[in-house]
Amino acid sequence: MDQQSQLALILGPDPIPFETLVSHLMSSSNEQRSHAEALFNLCKQSDPDALCLRLAHLLQVCTQPEIRAMAAILLRKLLTRDDSYIWPRLNISTQSSLKSVLLSQIQVETTKNLSKKLCDTVAELASSILPENGWPELLPFMFQCVSSDSPKLQESAFLIFAQLSQYIGDVLTPFIKDLHTVFLRCLSESSNADVKIAALNAVINFIQCLTSSSDRDRFQDLLPAMMRTLTEALNNGNEATAQEALELLIELAGTEPRFLRRQLVDVVGSMLQIAEAESLEEGTRHLAIEFVVTLAEARERAPGMMRKLPQFISRLFAILMRMLLDIEDDAAWHTAESEDEDAGETSNYSVGQECLDRLAISLGGNTIVPVASEQLPAYLAASEWQKHHAALIALAQIAEGCAKVMIKNLEQVVSMVLNSFHDSHPRVRWAAINAIGQLSTDLGPDLQNQYHQRVLPALAGAMDDFQNPRVQAHAASAVLNFSENCTPEILTPYLDGIVSKLLVLLQNGKQMVQEGALTALASVADSSQEHFQKYYDAVMPYLKAILVNATDKSNRMLRAKSLECISLVGMAVGKEKFRDDAKQVMEVLMSLQGSQMETDDPTTSYMLQAWARLCKCLGQDFLPYMSV
């Protein structure tokens, strides 16, 4: 059958072919679906009026909810103001039919998910035609729904209000008084959780679309009712609704934090109570924490607002510290093959870690350090390893945001961490090394200049922990962090000890330890420059051996790191010393370049950097390799 005949059939008097077309648009068979899409687009071009009326008809009569839902989605796409926007091409009688069908369907549709899709379609069309007064019946209809005694209609109206606030808020602004009344009434009086959440969503979207702060302030008196939506949901054990409310309030805290300022104490107090409630789901408690952290971060819009509440900051800090205790001593952590393995860490632990970092960056050291100094000593003095671990992780997390203040108290900070290097639990030793690595980055070069004589020997000692490869590998990474912020003068006296330990680690069976040692050697060579010459003859044979032998897929990263290390060592010691080995390394590089490497092989990016360094080191002697 040719396309014209197919069209005539689809848009003809018998409704079945059109219904079949819509169901094919949802088909899991690509062929069936693309055939249906081609026909649908043809209908759109040749007879948009018939197409829209057919879809509207399906909404009214089709008994299968999934086909009605698809019809609502297709209509929304046709009525969205983009490339396929067909509203102006429709004749006036089609336009008014569509508007009345959409509003009547909102009143009769019983499937919840479908009601939402209809609201989306109405909001999408309204955002295009309401500004030119193309739908005068809509707002009166919505106010009527909101005042009706049907929770379903109230919810639908609020869903549309929320979307219109996002799309064309200025069209709603003249109705600010009526909206205030409606919002207040529903939030205070409705007993239906869905209506309340929809109203909360509409209020928050509407507040965000108001451009004048005096307009926004008129809605301040809604805040207690907005918060009650959340507390009632929690008291009724309806945590899914509570989580929706929290997500909306987080959005408000991020965009309009000043709206909360007059009732800040009550709002933040409620959130911390939720975060502290052991009986609630983790997800709910994490959202309450996210709300308070988001407020702390909103400092451009509401400077200093949270700093004025020191009692809350110390409560939040305590909550986050307790979350860091949620960690198990999982055997998989100890036997891990890679440094990324975080077995035993829970979602509580991750949220605690991330939020301490964000809190310190947003509030700064003057606010956070006094709280940390008050709470961490008890953790360090406790008998459980989890508490020692938590204190060390917290120090590492707050270092970036509190750097200036921590530098003033370096002695205290460094002693706190170094004392834990001898803890009986390997995970605590690991956390202490982790903290030194982080502090070397965030508090450098002060830390390096003042405490090298305590830190470097401690790291060298940790490299001897052969029972715990994770600790060894992490000590090697910390040497890297330390040396990156370090002058050759400071580093040189320690090179004998450090280089000989790193060479021992290079010959270790664990790949993770070898990789750590390579990265550390590269960094030490880079930081000590010509002072590294005396170690060259001891180190280079090991590096070349790894480059030549680490050819399996499992060793790719090892080979890539040996390449990085060789090129940095070569640059540090200079051309005269490196020249003979450079030739051999070039041979390996050229054969690698010619081989088929997999797209995700890390060697490729390391290779380009190595070529660049070798070229810099060898100068004119690099010319023969340019063609490759």
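Biologist: What should I know about the model before we start?
Modeller: It is a predicted model, where local features need pLDDT of at least 70, side-chain atom pairs count only at pLDDT 80 or more, and totals for chains, interfaces and linings use all residues. Residues are numbered from 1 along each chain as its sequence is written, and side-chain values use heavy atoms, with hydrogens and water left out.

Biologist: How much space lies in the largest pocket?
Modeller: About 370 Å³, where a pocket is an open set of points on a 1 Å grid over the protein atoms alone, at which a 1.4 Å probe fits, with protein on both sides within 12 Å along at least five of seven lines; the volume is the space filled by probe spheres set on the points, which are joined across faces, edges and corners.

Biologist: And which residues lie nearest its centre?
Modeller: Glu339, Asp340, Ala473, His474 and Ser477, out of 21 lining residues, meaning those with an atom within 4 Å of a point.

Biologist: Which element gives the largest share of that lining?
Modeller: Helix α25, with 6 residues, helices being DSSP runs of H or I with at least four residues, numbered from the N terminus.

Biologist: Switching topic, how do the axes of α2 and α5 cross?
Modeller: Helix α2 (residues 16-24) and helix α5 (residues 65-78) have axes, lines fitted to C-alpha atoms over the stretch in contact, that come within 10 Å and cross at roughly 80°, and the two are therefore roughly perpendicular (65 to 115 degrees).

Biologist: Which residues meet there?
Modeller: Glu19, Val22 and Ser23 in α2 meet Ile67, Met70 and Leu74 in α5, with contact meaning heavy atoms within 4.5 Å.

Key: Axes are lines fitted to C-alpha atoms, for helices over the stretch in contact, and angles run from 0 to 180 degrees between N-to-C directions. Angles under 35 degrees count as roughly parallel, over 145 as roughly antiparallel, 65 to 115 as roughly perpendicular and the rest as oblique.
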